[in-house]
Each structure stands twice: as structure tokens, then as C-alpha cells.
Amino acid sequence: MQVIITANASAAAAHAADIVERTLAELEAPVFGLATGSTPVALYQALIERHRHQGLSFARLTTFNLDEYVGLPPGHPQSYRHFMQRELFDHVDIDPANTFLPDGTGDPLEAGSAYEALIEDHGGIDLQVLGIGRNGHIGFNEPTSSLGSRTRVKTLTRDTLKANARFFAPDEFQPSLALTMGIATILEARSILLIATGEAKAEAVARCVEGPLSALVPASALQLHPKVTVIVDPAAAERLELRDYYEFAAAHQRQLHRATPGETP
Ligand code: F6R
């Protein structure tokens, strides 16, 4: 894993946007996996800015989101489809027909395998963007999810429901089931970019990067993947034991790539 500790949360978003932009430029028909939640919003804003002011185009991009609530139709204001439209898709030149989320409205058992087949039909995911839950979940793969899991329905933990209650009005229905890509699905992406900001994520980040590989911390499965970049702000990096080493290695890499144009340090 490459761990990058940026000066603050907005530098983390800018660095992530650099990686997204570079991957978009490199590939003819890029396929990205995307996340919802608070963390990637700053990345999406950076991408929208680059689209508006620097001509960054999403016209060749296909996207697959990690997850969707079971029972919420795409038009529902709390659905992840709605979130993606509001936070990214409505503001860039992506073809809406090339944006996919698991279907939370049909038969949830069929929806999982249909989603897997769709990802495969598109040649797999080139770059998977991830956030991380305070309990170490990725997507909605809650602790003790099988490391071999594929897209399926998961019951959310009380901790996750509590963390996400902020998006729902007090009297609003909050689903406790979600369709999520599995851990094995995520690990098949050709590269992975995990972003974490804020002290509430510090423990999860440390266990993901440095802890033992364990179903109790689903994000620790990323240790098995050969191409993972973890971008954290100083608060989220707080509990990393080898923090000095990551900073030393990143400085060394910057030296090597000093000539690369368009990089955000
Ligand atoms: C959402 C998702 C989740 C979030 C995680 C962190 O699509 O996959 O794993 O990334 O719950 O959420 P935030 O960023 O809101 O702290």
C-alpha cells in the first residue's frame, strides 16, 4: 500500500483528483468504481471544478457505485443514485447511461449477480474509489463480511446506521439493508484509492493499513491488493505506527517524479 499523508482534507481531495484525472487520461474507456458518503464529496467537487475550468471530460467514463440502499427507488432523496446525481453526475459531461448502481428496488438476490455480470461485461473496474467506515467497513461490507464476498445484501450494523442517521430526517425511514459490492469484487479492481479524513477514522485507517488481516476489519483485506493508494489527512493518520516511514517514502517518490507535470504535492 502507498500511504500519502496530505497537509489537510482539501489537499487529500486534490491529490485524489490528480489520480482520477491521470487515470482518465491514460485509458480509452475507463471504468471507475465510486463511493458515496461525506468523504468523497470534496473529491467530486474538485473534479467538477476541473471539468468547468480546465476542460476535464468524463465523456468516456463508465462508473459503478459500491452500494445502494435496499428499498429506495433511484428518485428517493436518500438513495445513493440521487446522491451521485447531486454530487457529481449532474455537473459533468458523463453519459447518464454509463453510470450504474446496484438496483435496490427489484429482487435483491438477483440484483447482486446482475451487478457482478454488468461489471464483468464492461471489462472490470480500473480504479475503485473507497471511503472507510469507523468500524473498518468498505462499501457496506460490515465487520465479519466474507473476504470472498461478491455483490449481495448486507444488514448494516447499529454503528453504521447511527453514523449515517445524519443524512435522514428524524422521522424519516432509514433502511437497514443495503446492496453492496463484495470484498472480492472490490479486490478485483485494477487499482484502488482509499480516502480517509478526520480523527474519527484514525483507528480504522491504522487497522486497515497496519493491523492483522481480519474479517473484523474488512478494509484490512486491501493488504492483499497490489495497487492501493491510501490518502489521509493528518487527523486520520494519527494512529499510524509507521507514519514517519510513509512520509519519508512519499518524499522520496516526489523526488523521483519531480519532473512529472500537473502533480499536486
Ligand atoms: C458509501 C460507502 C461507505 C462509506 C463509509 C464512510 O458508498 O461505501 O463505505 O465510504 O461509510 O462514509 P463517510 O465518508 O460518510 O464517513
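Visitor: Why is Glu203 called partly exposed?

Guide: In this predicted model, Glu203 has a relative accessible area of 37%. Buried means under 20% and exposed means over 50%, so Glu203, at 37%, is partly exposed.

Visitor: What makes the pairing of Glu203 with Arg239 a salt bridge?

Guide: The closest N and O atoms of Glu203 and Arg239 are 2.5 Å apart. The limit for a salt bridge is 4 Å, and therefore the pair qualifies. Glu203 is in helix α7 (residues 202-209), while Arg239 is in the loop between α8 (234-237) and α9 (243-256), 36 residues apart, so that distant parts of the chain are linked.

Visitor: Is Arg239 buried or exposed, and how do you know?

Guide: Arg239 has a relative accessible area of 51%. Exposed requires over 50%, so Arg239 counts as exposed.

Visitor: How many salt bridges does the structure hold?

Guide: The structure holds nine salt bridges. One of them joins Arg134 and Asp159, with the closest N and O atoms 3.9 Å apart. Because the limit is 4 Å, this pair is still counted as a salt bridge. Arg134 lies in the loop between β6 (127-130) and β7, and Asp159 in helix α5 (residues 158-164), so the pair ties together parts that are 25 residues apart in sequence.

Visitor: How exposed are the two partners, Arg134 and Asp159?

Guide: Arg134 has a relative accessible area of 42%, and Asp159 has 36%.

Visitor: Which residue does Arg150 meet in a salt bridge?

Guide: The side chain of Arg150 meets that of Glu188, at 3.0 Å from N to O. This pair links distant parts of the chain, 38 residues apart: Arg150 is in the loop between β6 and β7, and Glu188 is in the loop between α6 (183-187) and β9 (191-196). Arg150 itself is partly exposed, at 31% relative accessibility.

Visitor: Why is Ser149 called buried?

Guide: Ser149 has a relative accessible area of 5%. Buried means under 20%, so Ser149 is buried. Ser149 is found in the loop between β6 and β7. Beyond residues up to four places away in sequence, Ser149 touches Asn141, Gly182, Ile183, Ala184 and Thr185.

Visitor: What is noted about the phi of Thr144?

Guide: Thr144 has a positive phi of about 80 degrees although it is not a glycine. Most residues other than glycine have a negative phi. Thr144 is found in the loop between β6 and β7. At 56% relative accessibility, against a cut-off of over 50%, Thr144 counts as exposed.

Visitor: Where is Thr155 placed, and what makes it exposed?

Guide: Thr155 is in strand β7 (residues 152-155). Its relative accessible area is 52%; exposed means over 50%, so Thr155 is exposed. Leaving aside neighbours within four places in sequence, Thr155 is in contact with Glu142, Ser176 and Leu177. Thr155 and Leu177 are 22 residues apart in sequence, and their C-alpha atoms are 4.6 Å apart in space.

Visitor: How do you know that the buried residues of helix α3 line one face?

Guide: The buried residues of helix α3 (residues 80-87) are Tyr80, Arg81, Phe83, Met84 and Glu87. Seen down the axis of α3, they fall within an arc of 160 degrees, so they line one face of the helix. Among the elements that cover these residues are β2 (31-34), α2 (41-54) and α5.

Visitor: Which residues have the most contacts inside the largest nonpolar core?

Guide: They are Leu43, Leu47 and Leu88, in a core of 37 residues. The elements giving two or more residues to this core are α1 (9-26), β2, α2, α3, β6 and β9. Apart from this core lies another, of 33 residues, among them Ile186, Ala206, Ala219 and Leu240.

Visitor: Which residues make the nonpolar surface patch?

Guide: Leu242, Tyr245 and Phe248 make a nonpolar surface patch of about 360 Å². Leu242 is placed in the loop between α8 and α9.

Note on methods: Residues numbered from 1 in each chain as written. Predicted model: local features only at pLDDT ≥ 70, side-chain atom pairs only at ≥ 80, totals over all residues. Heavy atoms only, no water. Helix = DSSP H or I, 4+ residues; strand = E, 2+ residues; numbered from the N terminus. Buried < 20%, exposed > 50% of the residue type's maximum accessible area, 1.4 Å probe, protein only. Contact = heavy atoms within 4.5 Å. Patch = residues over 30% accessible without salt bridge, like charges linked within 9 Å, V, L, I, M, F, W, Y side chains within 5 Å. Areas by Shrake-Rupley, 256 points an atom, 1.4 Å probe, with all protein chains shown as cover. Arc of directions from axis to C-beta. Core = buried A, V, L, I, M, F, W, Y, C linked by side-chain atoms within 4.5 Å.
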